[in-house]
Amino acid sequence: MTGDKKVPKKKYPPEMNYSIVLKGMGRTSPIDVTFHLLMAILLITGLIIDLLGPWLGGWLSSIRSIAHGYVGALFVLVFIVYLIKVAYSKKMRTVLTVTNYVDFLFYIILTVTGITMASVNWPWINLVPELADALSSIAVYAPAVHVALTYVWIVFSTVFPGGILHGLASVYLISHLKKKYKNRRSRVR
Amino acid sequence: MKQKKFLDNFGRSESLWMYACSRCGECVDVCPVYEETADKYTAPGFKIKKMRGLLRARGSAREESVKKVVEGLYECTLCGRCWSVCPNNYDLVALWEKARESAVETGFGLNPHTEMIEALKAENNIFKRPHTGRRDWTKGLRIPEKEKADTVYFIGCLMSYRGQLKPAAKAMATILNAAGENWTILKGEVCCGAPLRFSGGTKHMEELMDANVKAIESTGARKIVFSCPGCYRVFWQEYSKLLGDRVRLVHAIELIDSYVKSGKIKLKDKTEERITYHDPCELSRLSGVIEEPRHVFANLTTQFVELPGNKFNVKCCGGGGLYKAIDLDKSREIAKKRVTLAEEIGATTLTTACPSCYMTISQAARLKKSNVKVIDFAEAIAPQIE
Amino acid sequence: MEHAVLVDPAKCIGCRACQVACKRWNNNPGEETTFSNEWTNPPKLSYNTYTHIKFKLEHNETTGETKWRFFNWRCMQCEIPACAKACPVNAITKYEEGPVVIDQDRCIGCKFCVSECPFEVPQFDTVSGKVSKCHMCFDRVPSKEPACVQSCPTDALVFGTRDSIIQKAKERKEELDGYIYGDVDNKPLGGSSFIYVLDAEPSVYGLPIVGESLSPTVPVLNLSKWLLVPAAIGGLAYLVAWRKKRMNEKEE
């Protein structure tokens, strides 16, 4: 348990807005927040590079190396911790669905291909030259798999209730509930 | 007319929530029922997962799987502990209630509950006892029954029909008289409708609500006092729309606290009794009455001890959400844990402000042959009034 | 008008004047190298080395003869360059005159071209984070021949219009009883602007047999983004259907 929820229920229905949800996520599991935040950054920067590349060109150089590259490296570490957490947490295994595990498989493949591409970049080639050698056999397919799989994942996790649909539903729900608060009852008047 | 399917009553909010649920699993760990049964169908997060599956399958869901989910839905005390840890702060209690409502509508409702709904329709109480006997408990007590009064004391089914709770009602009457309140009980009182919410018969609530509102409005009361947090919650959440802003709704604890603060009742010197207090979920978590009982106890005794796992994150006694009708033994096991905790901190008296909690915990204490004395909150106050 | 370069390894004497001329024209610095079993230095293409002569020593056990083969390894300047198709920022362009050029300002160093090139030509630099390769002296052609061609003492490299080069290649093929790699016999990626007349099978020189069309990974890379379109249309259709259903429910 990490701290108490500080929302005394004096209003009905209870409030559900972005600050409460974000605070709640931070209280529940900081590693979860980091995981999702990094993933969002990676997805958005990746989409920017791939979709807006022809127009933006060289501007994307730093986005690729820092926002997609170093953040990606951080994500790999967080993702490993996250996977260990899932493996050792009975409560999470109780609530996760098959789609979630398929999602994890997608992330693992994306991570491996991403590492393959990054392994020949500075500083990794200087730090761990063995990594580039070990992964050189899949280097030919890495970019195509990395990019195509991202789009396949977007479609997959929207059609089946995976990560994207979960995110869309969260955003829509929080925005939608605001209307409901107009006739909220409070206990003390 | 189209055959209704389980979960057909889910609107946009509930359907979206099925997907928006963050699958963090926090609710699984804290659920008092899951802790006791270890059956994953009772784990809140797992129920959401299964309900999402049913919602996606729509018509093609197998009957057995629906039945299993419904059984899991009823193995729940509706204490809202899952809601208290939910990072999204989604109203899970309302979700469980809505799912139960759908279960009843589609004929999946469990037997004790459907019977209870019938009893409420016929006799306006949950015990299937004659409605005419609702005020039998007042015999021999000086309970005012006026046409007009400033304050209405809403008794509730449990206190009206269960003999064990008579001392509690009597103590409350003593306190109200001591404060010089112009009060009455309702002649036409019927069940508040909270059990209907719990069992899934929400659509029958209107008749009960109309009857109660009519009875209250005829007295011209400005204040309604509750002993039962269940009634209290359904009043401030639902009845307040009908009663308007004119009527103040207070729980007995809030009222006693305001009396002590304003000096309307004077308490004797502080005793040295080791008293502890179990927060009823409906009152502390779901209604937010947390600090008031502590103020009162601070004036009552020098030896107030806090029960572990209390206040907002209180662990349910096991008596909520009609869980007792489903699995009495498990519910008592959960209650025994609360009694054990009270023993561990060395309390001689365990108070609570909810008739349902009182019944569950006192039975558990008796079964456990515990030395802890279980009494209602009002019973602790009444003898100390000067 | 498209121009091309004829490469004739049989005429090459391995003097590496082309490598020097290339470095001088492009102002590329020299490289610090170590001793290796490549017979030559620098041992391979790099960010600063756009052209490279591969030394290959052939020893025939039965006759006891020894033969050197010199192969000019560099960008083929393909007609349908896989690198350009794979580039997400359109930094690689195929010029009308023949050259395939990487715009260093646009390059973001994603190395998709490195993966897609069947000849392993584009070279990534970890310091600058960019990719470079031979650009057929796009800043000289067609008014002047590329620097390497100009410096070649034995006419192993010949520059001209594409038609005339193919003509020459065919004549030379007759002489050598050889193989034209780059157009007539094998058209890698739609034909290249560097046309090799070989006196042996391409595999002897380490040249891969590449089909005329792109490898499937490139279209996968390019077309996968269109998955978003059916997804978006499906999503919209779903929303419309849902709204319609809700309206119907309300009417009931």
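The questions and answers below concern the chain contacts, the domains and the confidence of a predicted model.

Visitor: Which of the two pairs of chains in contact shares the most contacts?
Guide: Residues count as in contact here when their C-beta atoms, placed from the backbone, lie within 7 Å. No contact joins chain B and chain C, whose closest C-alpha atoms are 10 Å apart. Of the two pairs that are in contact, the one sharing the most contacts is chains A and B.

Visitor: Which element supplies the largest share of the side of chain B that touches chain A?
Guide: The contact takes 39 residues from chain B and 39 residues from chain A. On the side of chain B, at least two residues each come from α1 (12-20), α2 (26-30), α4 (44-57), α6 (81-85) and α13 (229-243) of chain B. The largest share, six residues, is that of α1(B).

Visitor: How many residues of the side of chain B that touches chain A are charged?
Guide: With 39 residues of chain B taking part in the contact, that side divides by class into 16 nonpolar and twelve polar residues. The remaining class, the charged residues, numbers eleven.

Visitor: Which element gives the most to the side of chain A that touches chain C?
Guide: In this contact, 29 residues of chain A meet 26 residues of chain C. The elements of chain A that give two or more residues to its side are α2 (30-56), α3 (60-88) and α8 (142-159), and the residues of that side divide into 20 nonpolar, seven polar and two charged. The element that gives the most, with ten residues, is α8(A).

Visitor: Within chain B, which element gives the most to the side of domain 1 that touches domain 3?
Guide: The domain assignment places domain 1 of chain B at 12-109 and domain 3 of chain B at 265-384, and their centres, taken over C-alpha atoms, are separated by 28 Å. Between these domains, 14 residues of domain 1 are in contact with 16 residues of domain 3, and the elements giving two or more residues to the domain 1 side are α3 (32-37) and α6 of chain B. The most, four residues, comes from α3(B).

Visitor: Where in chain A is confidence lowest?
Guide: Chain A has a mean pLDDT of 83, with 89% of its residues reaching 70 or more. Confidence is highest in helix α5 (residues 98-118) of chain A, at a mean of 91. Where pLDDT is low, the predicted coordinates should not be read in detail. In chain A the lowest confidence, at a mean of 70, is in strand β2 (residues 185-186).

Key
Residues are numbered from 1 along each chain as its sequence is written. Chains are lettered from A and ligands numbered from 1 in the order in which they are written. This is a predicted model: local features need pLDDT of at least 70, side-chain atom pairs count only at pLDDT 80 or more; totals for chains, interfaces and linings use all residues. Ala, Val, Leu, Ile, Met, Phe, Trp, Tyr, Cys and Pro count as nonpolar, Asp, Glu, Lys and Arg as charged, and the others, Gly among them, as polar. pLDDT is the predictor's confidence in each residue, from 0 to 100. Domain bounds come from an automatic or database domain assignment.
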